[in-house]
Amino acid sequence: MTGSGPKDFAEIAARYSAMMQVLCDGPQGRRREDERRMLVDRIRDALDRRENRLNDDDPVIIANTFSLEMFTHRGKRSEIWQVRHRDLGTSHAIKSVPAAMADDPIAGALLLREGTIGLGMRHGNIAPTRAVLRLADGRPALLMDWIGKSLADRLSLQALSVREVYSLTLALLAALTATHDQGLVHCDVAPGNLLIPGEDVSQLQLADFGIALEIGHSHAEFEIAHAGSPAFVSPEQQAGRSLMPSSDIYSLGRLIDYLLDHANEDAAGLRALAGQFSKEDAGKRPADARSAGALLKKVMAAG
Ligand SMILES: Nc1ncnc2c1ncn2[C@@H]1O[C@H](COP(=O)(O)OP(=O)(O)OP(=O)(O)O)[C@@H](O)[C@H]1O
Ligand SMILES: [Mg+2]
């Protein structure tokens, strides 16, 4: 090596060759291909993590492609893991049912349904589902992009400005418009299901289509018992009735109220609009996200 390279590069190269040698030839002669590949992966893993020693534990490898970085959520119905693609280095989220529910046919079918819905949704403000995998123990799993913190996490750390509340609401309305246009009601618009990559809230990603319904259907048809986040679900959803897009508008109204409660100032026009969105009588709310968006733009223009 010439120029700016380290003076001991020749020694580093020699040690690298020695390491490759030991990876190919073990104490019993030539190693098997699978053993060699496993050792290479573990070294690559340690290098990626900038660790100066190899981990003694076997890393958890999913679908022979992803290594587990951490468990991030263990809920009643779902587990979320942060994983890394072993070859590309990209970060992803994997959502599956808890191991204890591996044999539960309803839980498995609901996750597959969520995966099918996710694969059919493509929008800049909707968390993308990239594939539906099958884990070694048979559980289905959704492969998603790793997005970042949820709005619930974010609000526990810092207050929002009113400008951010508007920005968030616009992004969420864009995601809900795409959802309603697809013939779906999301049914779980709540801070834990809104993910924010980085600091810019306008990049919000709507996630968790786990209890989404085709317009005009009810949760009872899918054996989903307690559906939704209680503080945000519409009265008709709570009553188990069939749902229209206006049910999501109710949740949006509750969410705007909640955001303003976590903002560093109030905004009378937006508060009033939130009240209109979350009217008990579904007929008095905007019918869907597109009409709610038109009302929001009027409020923004006025104030
Ligand atoms: N793609 C993702 N990137 C980053 N974090 C994610 C992602 N998907 C989910 N999470 C994290 O996992 C949490 C739970 O995910 P999700 O809402 O999809 O599960 P859930 O169906 O509500 O689970 P349960 O009902 O069992 O609590 C989210 O609040 C978020 O913190
Ligand atoms: Mg959720």
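Predicted model: local features only at pLDDT ≥ 70, side-chain atom pairs only at ≥ 80, totals over all residues.
Which residue stands opposite Leu-195 in E11? The points below take this up along with the rest of the structure.

1. Two domains. The protein chain is divided into domain 1, residues 66-145, and domain 2, residues 151-301. Their C-alpha centres lie 24 Å apart. Eleven residues of domain 1 and 16 residues of domain 2 take part in the contact. On the side of domain 1 that touches domain 2, six residues are nonpolar, four are polar and one is charged.

2. Where the ligand sits. Ligand 1 is surrounded by 22 residues. The closest are His-73, Gly-75, Ser-78, Ala-93 and Asp-208. Both domain 1 and domain 2 give residues to this shell, so ligand 1 lies between them. Three strands each supply at least two residues of the shell: E4 (66-74), E6 (91-96) and E8 (140-145). Sorted by class, the shell has eight nonpolar, nine polar and five charged residues.

3. The six-strand sheet. An open sheet is formed by six strands in the order E3-E4-E5-E6-E8-E7, with antiparallel pairing. Strand E3 (61-62) and strand E7 (129-134) stand at the edges; each has a single partner strand, so one side of each is left without a neighbour in the sheet. When following this sheet in the structure, keep one general point in mind. In a regular strand the side chains alternate between the two faces of the sheet.

4. From E4 to E5. Strand E4 and strand E5 (residues 79-85) run antiparallel and are joined by seven bridges. The hairpin that joins E4 to E5 passes through four residues. For one pair to look for, Leu-68 stands opposite Val-83 in E5.

5. From E5 to E6. Six bridges pair E5 with E6, again in the antiparallel sense. Gln-82 has Ala-93 in E6 as its bridge partner. Another pair is Glu-79, which stands opposite Ser-96 in E6. The hairpin of E5 and E6 has five residues between the strands, and Gly-89 in this hairpin takes a positive phi near 80°.

6. The three-strand sheet. A second open sheet has three strands in the order E9-E11-E12, and the pairing is antiparallel. Strand E9 (149-150) and strand E12 (205-206) stand at the edges, each with a single partner strand, so one side of each is left without a neighbour in the sheet. E9 and strand E11 (residues 194-196) run antiparallel and are joined by two bridges. Here the opening question is settled: the residue opposite Leu-195 in E11 is Ser-150.

7. Helix H5. Helix H5, residues 162-181, has 20 residues. From its first C-alpha to its last it reaches 28 Å, close to the 28 Å expected at 1.5 Å a residue. The buried residues of H5 include Val-165, Leu-168, Leu-172, Ala-175, Leu-176 and Thr-179. An α-helix has 3.6 residues a turn, so residues three or four places apart point the same way. The buried residues of H5 pack against strand E10 (184-185), E11, E12, helix H7 (246-261), helix H8 (268-277) and helix H9 (289-302). Just after H5, Gly-183 takes a positive phi of about 85°.

8. Two backbone angles to check. Most residues other than glycine have a negative phi, and most peptide bonds are trans. Ala-63 is not a glycine, yet its phi is positive, at about 50°. Ala-63 is placed in the loop between E3 and E4. With 14 other C-beta atoms within 10 Å, Ala-63 is partly exposed. Cys-187, also a residue other than glycine, has a positive phi near 75°. The loop between E10 and E11 is the place of Cys-187. Is Cys-187 buried or exposed? Cys-187 has 26 C-beta neighbours inside 10 Å and therefore counts as buried.

9. A residue in H9. Ser-291 lies in helix H9. Ser-291 counts as partly exposed because it has 16 C-beta neighbours inside 10 Å. Ser-291 and Ala-220 are 71 residues apart along the chain, and their C-alpha atoms are separated by 28 Å.

Definitions and conventions
Residues numbered from 1 in each chain as written. Chains lettered and ligands numbered in written order. Near = placed C-beta within 6 Å. Nonpolar A, V, L, I, M, F, W, Y, C, P; charged D, E, K, R; others polar. Domains from an automatic or database assignment. Pairing = 2+ DSSP bridges. Expected span 1.5 Å × (residues − 1). Buried ≥ 20, exposed ≤ 12 C-beta atoms within 10 Å, placed from the backbone. Contact = placed C-beta atoms within 7 Å.
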